[in-house]
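Please have the sequence and the coordinates open while reading this report. The text goes from the overall fold to selected local features.

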Amino acid sequence: MSAAGATASPEPATALGRSRPFGAHLRMSGWKPLVLIVVPTLVMVVLQVLLYRLVAVVEGGDDPLATTLTPLKLLAVNVSIAVSGLLAVALLARTTGAPWRSLISWPRAFDVRRLLHHLVDAALLVAAGIGVVALVAPGSPGWTAFGVSGTTVALLAVTVLTTPAQAAGEELMFRSVALPAAASWVRAVRPALVVGLVVSGLAFAAVHGSLDPWLSGYYVLIGVSTGLMAVLSGGIEAPVAFHVANNVLLTVVNALMADGGAVPLDRSVGAGDASVLVLAAVNAAMVVLVWWRERRAARARD
């Protein structure tokens, strides 16, 4: 296509127009959004349970659903979510005819530099948040003592090698698919985005399976915050960057502070407390930073 006066590429049949922001750019029939939100989530849960049972056989454990993360269980979680994220994108593209690229960024192209800039920002913010929690509420995350063992090294290897894929998979499921799917129920842009953010945020919280009010509220906040990052930036680079930095850094610290053992994973009632407000502030700060970077980039283009 020539640089000047070229005919615009035809939009997919599901697109409502290039003037609509990412997250409210798809049109679907009434039943499709529900399928696209529910099916990948169910696949993720079933796949994770099956992999947990396989891990229990390999490790010789008698409780495959025990609330501790061994290296193999962490690998099972990461694989199940990464696969389900890819399934969600493929399912949406197949059922609606939308190009898969429009689920990564819209209407602009995917931007690696954007991803890297946001990754640096997110890493600094998350590291600062972990530091504050360590100072004001060191007992809240379930840390016991610093220790390095073979289990620790294996946890760190699995985290570094596969957690980025897990974080990207969750963003594909909830920001690339669930957000625009739910938003497609409403035609007007702003109400559509509100519906998309709320539904995708609640779905994200639901799959984390916590009934603790502090933790469940925090998961909703993460879902809404990363959804806002996607809408503000026109793609999933910012939420993927934040999710990767958050999950990798938190898991690395949790592994190092597990006294050489498996990482505890307690999401029962009473497991959360006010210390999650520190991490909530990190989410809010990242949203503001994404907004600032996008405004700055827009002014530079003008």
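**Overall fold**

This is a predicted model, and its chain contains eight helices and two strands. Read from the N terminus, these elements follow the order α-β-α-α-α-α-α-α-β-α. The radius of gyration of the chain is 20 Å, close to the 19 Å that the globule rule gives for 302 residues, so the chain is as compact as a globular protein of that length. Along its principal axes, the C-alpha trace spans about 65 × 40 × 35 Å.

**The packing of H3 against H7**

Two packed helices are described by the angle between their axes and the distance between the axes. For helix H3 (residues 112-136) and helix H7 (residues 237-256), the angle is about 35 degrees and the axes lie 8 Å apart, and the crossing of this pair is right-handed. On the H3 side, the residues that meet H7 include Leu 115, Leu 119, Ala 122, Val 126 and Ile 130, while the H7 residues that meet H3 include Val 240, Phe 242, Val 244, Leu 249 and Val 253. Sorted by class, the contact of H3 with H7 has 16 nonpolar, two polar and two charged residues; among the residues in this contact are Arg 114 and His 118 of H3, and Glu 237 and Asn 246 of H7.

**The cavity**

Rolling a probe the size of a water molecule over the atoms shows where empty space is left. In this model the count comes to one cavity of 30 Å³ or more, and the largest cavity has a volume of about 30 Å³. Its lining is formed by Leu 36, Ile 37, Pro 40, Thr 41, Ala 88, Met 173, Phe 174 and Ala 178. The elements that give two or more residues to this lining are helix H1 (32-59) and helix H4 (150-183), and H1 gives the most, with four residues. By class, the lining of the largest cavity divides into seven nonpolar residues, one polar residue and no charged residues.

Which backbone angles deserve a look in the loops? The table lists two: the omega of the cis peptide bond that joins Trp 106 and Pro 107, and the positive phi of Asp 259, which is not a glycine.

| Site | Backbone angle |
|---|---|
| Trp 106 and Pro 107 | omega of about -5 degrees |
| Asp 259 | phi of about 55 degrees |

Pro 107 lies in the loop between helix H2 (71-96) and H3, whereas Asp 259 lies in the loop between H7 and strand S2 (263-264).

Terms used: Residues numbered from 1 in each chain as written. Predicted model: local features only at pLDDT ≥ 70, side-chain atom pairs only at ≥ 80, totals over all residues. Heavy atoms only, no water. Axes fitted to C-alpha atoms, helices over the stretch in contact; angles between N-to-C directions. Left-handed = near helix turned anticlockwise from the far one by under 90°. Contact = heavy atoms within 4.5 Å. Nonpolar A, V, L, I, M, F, W, Y, C, P; charged D, E, K, R; others polar. 1 Å grid on protein atoms, 1.4 Å probe; cavity = no way out; pocket = protein on both sides within 12 Å on 5 of 7 lines; lining within 4 Å. Points joined across faces, edges and corners; volume = space filled by probe spheres on them. Rg over C-alpha atoms; globule rule 2.2 N^0.38 Å.
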